[in-house]
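Thanks for coming. I will go through a few local features of this model, strand by strand and helix by helix.

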Amino acid sequence: MPEENKYDKYEVVVGLEIHAQLQTKSKAYSSDSTEYGKAPNNNVSPVSLGHPGTLPMFNKKTLEYGIRLGLACGSEITYENQFARKNYFYADLPKGYQITQDTTPLCTGGEILIKDDSGQEKRIGITRIHMEEDSGKSIHDLDPYNTLIDLNRAGVPLLEIVSEPDIRSAQEAYNYVTEVRKLVRYLEVCDGNMEEGSMRCDANVSVRLKGSKTLGERTETKNLNSIRNVLRAIEYEVKRQIDELEAGNSISMETRGFDAVKGITISQRSKEMAHDYRYFPEPDLQAVFVKETDIEKVKRELPPLPNELLNKYIQDLELSVYDAEVLTEDKQFALYYEDLIKHTKNYKAAANWMMGAVKSYLNELAIGIEEFPIKTKQLADLIKLVDDGAVSNTVANQKVFPKLIESPKMSPQKIAEENNWIQQSDTNALEGFIDEALNKFPDKVEEYRNGKKGLLGLFMGEVMKASKGAADPKLTNQLLRKKLEV
Amino acid sequence: MDTSKLSFSSARENLLSKQITAVELYHAFLKKIKDSADLNIFLEVFEESALAKAQEVDQKVKAGTAGKLAGMVISIKDNICYAGHSVSASSRILEKFESLYSATVVDRLLGEDAIIIGRTNCDEFAMGSSNENSFFGAVKNPIDQEYVPGGSSGGAAASVAANLCMAALGSDTGGSIRQPASFTGTLGLKPTYGRVSRHGLIAYASSFDQIGPICKSVEEAALILEVIAGSDEYDSTLSNREVPSYSKKLNQEGKKKIAYLDCYVEHEGINAEVKNRTLEIIEKLKEDGHQVDRIEFDLLDQLVPIYYILTTAEASSNLARYDGIHFGYRSENAHDLKSTYVKSRTEGFGPEVKRRIMLGTYVLSAGYYDSYYGKAQKLRRMVREKTRSILADYDFILSPTTPHGAFKLEEQVDDPIKMYLEDIFTVQANIVGIPAISLPLGKLSNGLPFGIQFMADLFKEQELLAFSTEVVNKG
């Protein structure tokens with residue numbers, strides 16, 4: 001078999017673990033602030049420093065955020081939530097253990113919908129979502145002789161989202177992480193900033209010959225800090241594993257890291273050296289019970305979800321898939337559209353405005369929709385102005401819209417009126433202008449009637465001049481032809 | 001001033017009637033502590049803060065605003081945190097450690113105007129039954145200096161027995177308040193698990209540890225308990241139950257149903273004199289009209305193994321934070337992360353602590369979890385059910401506090417198994433979480449004290465204390 005085809009013999013199997021840092025104000029088990037960007041070791045107290053005698057205090061917000069995400073994924077919510085200790089020594093883990101969940105994860109089951117490599121919708125199963133706390137940060141590159149420890153992050157609440165091994169390509173993994181990020185942002189549980197480390201991803205990757213029923217030996221590549229690096233690391237790891245197998249070697253279960261500069265994964269810890277985390281129930285915390293009423297409350301307060309909006313736009317509003325995707329990419333953008341269509345029934349025009357003039361304006365200034373000056377009601381009024389034929393689409397886009405941005409308090413109607421941009425659609429007035437024009441050039445009328453149809457432009461121009469540009473071109477055209485072709 | 005004649009109630013009376021001042025009280029105890037330095041009871045006297053508190057108490061007495069514990073001079077075990085004060089758990093690894101915050105019990109004692117005089121020696125991280133596992137040396141039993149005071153709250157019990165303070169706070173994980181109380185002729189109370197906040201108690205085994213008083217009278221124990229007990233936002237394992245005014249309800253009324261467990265009294269390891277004294281007490285209770293029944297209990301041989309598997313498992317995790325990185329002892333020979341861990345812990349912990357960390361690590365390891373930790377958890381539930389079913393029928397369970405009286409220094413130090421069996425009668429209360437008290441009832445023929453233990457059902461401290469009053473009064 002030629003070299004370039006060996007990769008086609010294999011099927012890729014990927015499962016992802018995503019750690020999402022929650023946007024709670026205080027830490028998971030203490031009242032310390034979680035504010036990002038504070039000077040090192042400022043968001044700490046004896047609790048997050050792990051001082052002798054301190055005990056964890058559970059932050060109920062963590063639970064609420066976890067239920068939110070679980071409901072959005074269609075997961076089963078666990079009634080009795082126990083906490084467990086995961087024991088390991090590391091310099092940025094002050095207690096020597098992490099408080100997490102072991103046998104009773106908050107959420108089990110559920111799914112995330114993504115696009116597969118052929119653009120078809122695909123379901124990626126969720127194994128579990130559980131609550132835990134973050135460790136501190138080890139800083140290796142600031143001091144030439146020492147590693148420095150910053151414990152601001154120690155104890156910040158996390159949700160760990162574990163997927164089933166349903167992912168079949170690096171691109172699917174990319175799409176999955178993109179969807180998860182979109183979802184946590186919609187739910188406002190995590191800011192999704194992978195570069196700042198508030199969302200991190202570990203990839204379990206294996207390959208097997210197509211048609212094989214058994215899974216290949218897997219490796220875990222840890223701490224991927226951008227969606228692109230998820231893609232790159234998996235692409236590299238798949239190629240590496242196939243190359244190994246094709247060379248007659250076997251894959252060993254191990255933990256690997258990703259070198260983003262070289263674009264390669266590197267072995268960090270073999271199976272033999274793997275930690276024995278000695279999980280056991282956390283004796284310092286009582287189990288937390290989730291009542292049906294808690295779930296109902298979270299459900300009621302759940303914001304619209306990207307997939308729900310996408311389906312609504314495609315099926316109910318009959319927008320194109322592309323339009324629906326662009327509109328739902330960002331939550332605030334989608335919410336603006338949601339609000340906009342409360343004021344207009346012309347969904348397609350509303351979508352066009354959002355994706356055209358509005359988006360260009362935002363892109364030009366590199367701002368978000370939150371800073372967009374025009375209220376949805378006004379934009380809807382502008383759409384109505386076009387729909388009523390009061391201004392042309394071109395005038396609305398190129399003249400009224402910029403003016404509206406300058407004076408967002410004014411109504412589009414008033415702007416058009418003050419600037420004489422209202423089209424003359426009054427037939428009587430128009431007929432007056434038309435008669436005037438025809439009377440002015442009787443010889444040209446004659447020529448037209450003899451077949452010189454190009455003269456229509458001359459009459460149009462005359463009418464426009466007489467009406468100071470306010471004549472509705474479409475209507476003028478119609479009326480002119482009617483008069484000339486009697 | 002003779003501190004041996006100063007009970008809290010007489011001191012308080014004299015203080016409020018302005019016969020003495022708190023500062024005078026403080027100086028009397030300070031002198032006594034200094035004179036008794038050879039007993040090795042106090043690791044540190046908080047001279048500055050105790051004197052300042054005494055002066056404050058005198059001001060409050062004048063103003064008529066003195067708290068419930070004004071006049072009480074109390075010691076705290078060296079595993080209870082007090083802001084701005086050293087706390088070491090009698091370990092080298094925390095030798096120079098100073099706490100940034102105060103335990104809830106400390107705040108509550110101070111809030112009621114107790115004078116915290118100092119911190120007492122104990123077994124390292126509360127692991128031991130003789131107070132010989134302290135980095136700072138053994139404590140001598142003030143009753144007879146050739147004997148141990150018991151442990152792990154050996155210094156706490158000795159501080160009361162030697163009249164170096166009126167009362168002490170100790171901690172009890174498997175008998176660490178009751179056994180030394182019994183060895184020193186003092187009274188020791190282990191409250192229900194979840195009754196007293198553990199915030200600021202250096203953890204040994206989190207699901208067993210409980211702070212409680214060691215003192216001379218039931219009334220003092222009741223008073224201290226009502227001050228330190230009750231919900232606390234810092235400890236989520238606490239009960240929100242209201243705290244009764246124990247000290248105002250000490251009158252025992254009516255006859256009680258008391259059980260004694262066959263295997264306890266008939267245990268092969270029990271000293272003959274201890275057994276006879278116990279049987280005499282049983283007879284006396286019957287004479288007084290109480291019903292006392294012999295009850296079968298077939299889980300005695302499981303108690304100590306359950307206790308040592310679960311407590312060492314929790315300890316192995318609780319003590320992971322002493323790693324030489326963030327606080328406490330760091331070996332001077334450490335040169336990288338791994339050697340910082342290995343050398344700091346090797347040099348910082350004593351042999352008993354290391355033994356328990358290793359045992360605990362082992363029972364939680366992959367492949368062994370189910371046979372040890374998992375099995376012990378199941379047995380813990382069985383013991384809990386069995387004990388609570390007895391306590392559904394009986395008000396109290398009676399037993400000797402320990403199988404024998406105090407033993408000599410160094411007598412058992414090389415035999416950990418024998419030492420572990422010291423806890424045989426006391427661990428049940430911690431496994432189940434129920435309250436238990438050790439009452440001093442005279443002396444054995446060798447002149448060393450004898451203690452009897454009563455256990456009650458969860459949160460029945462009030463009944464336990466009221467009944468204890470009667471037992472002590474009738475001697």
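In chain B, S75(B) has G118(B) of β3(B) as its bridge partner. Before going on, the conventions: this is a predicted model, where local features need pLDDT of at least 70 and side-chain atom pairs count only at pLDDT 80 or more, while totals for chains, interfaces and linings use all residues. Residues are numbered from 1 along each chain as its sequence is written, chains are lettered from A and ligands numbered from 1 in the order in which they are written, and side-chain values use heavy atoms, with hydrogens and water left out.

Back to β3(B). Helices (H or I, at least four residues) and strands (E, at least two) are DSSP runs, numbered from the N terminus, and two strands pair if DSSP finds at least two bridges between them. Strand β2 (residues 73-77) of chain B runs parallel to β3(B), with five bridges joining them. Strand β1 (residues 42-45) of chain B pairs with β3(B) in the antiparallel sense over three bridges, and V45(B) is opposite G118(B) there. How many of the six residues of β3 (residues 115-120) of chain B are buried? Six of the six are, so the strand is largely enclosed by the rest of the structure; buried means under 20% relative accessible area, exposed over 50%, and partly exposed in between, with a 1.4 Å probe and protein chains only.

Next, chain A. An open sheet of three strands has the order β5-β4-β16, with antiparallel pairing. β5 (97-100) and β16 (280-281) of chain A are at the edges with a single partner strand each, so one side of each has no neighbour in the sheet. Helix α10 (residues 300-318) of chain B packs on this sheet and touches β4, β5 and β16 of chain A, contact meaning heavy atoms within 4.5 Å.

That helix also meets α13 (residues 370-393) of chain B: their axes come within 9 Å and cross at roughly 125°. Axes are lines fitted to C-alpha atoms, for helices over the stretch in contact, and angles run from 0 to 180 degrees between N-to-C directions. α10(B) and α13(B) are therefore oblique to each other; under 35 degrees counts as roughly parallel, over 145 as roughly antiparallel, 65 to 115 as roughly perpendicular and the rest as oblique.

Last, Q412(B) is in the loop between β9 (396-400) and α14 (416-420) of chain B. At 2% relative accessibility, Q412(B) counts as buried.
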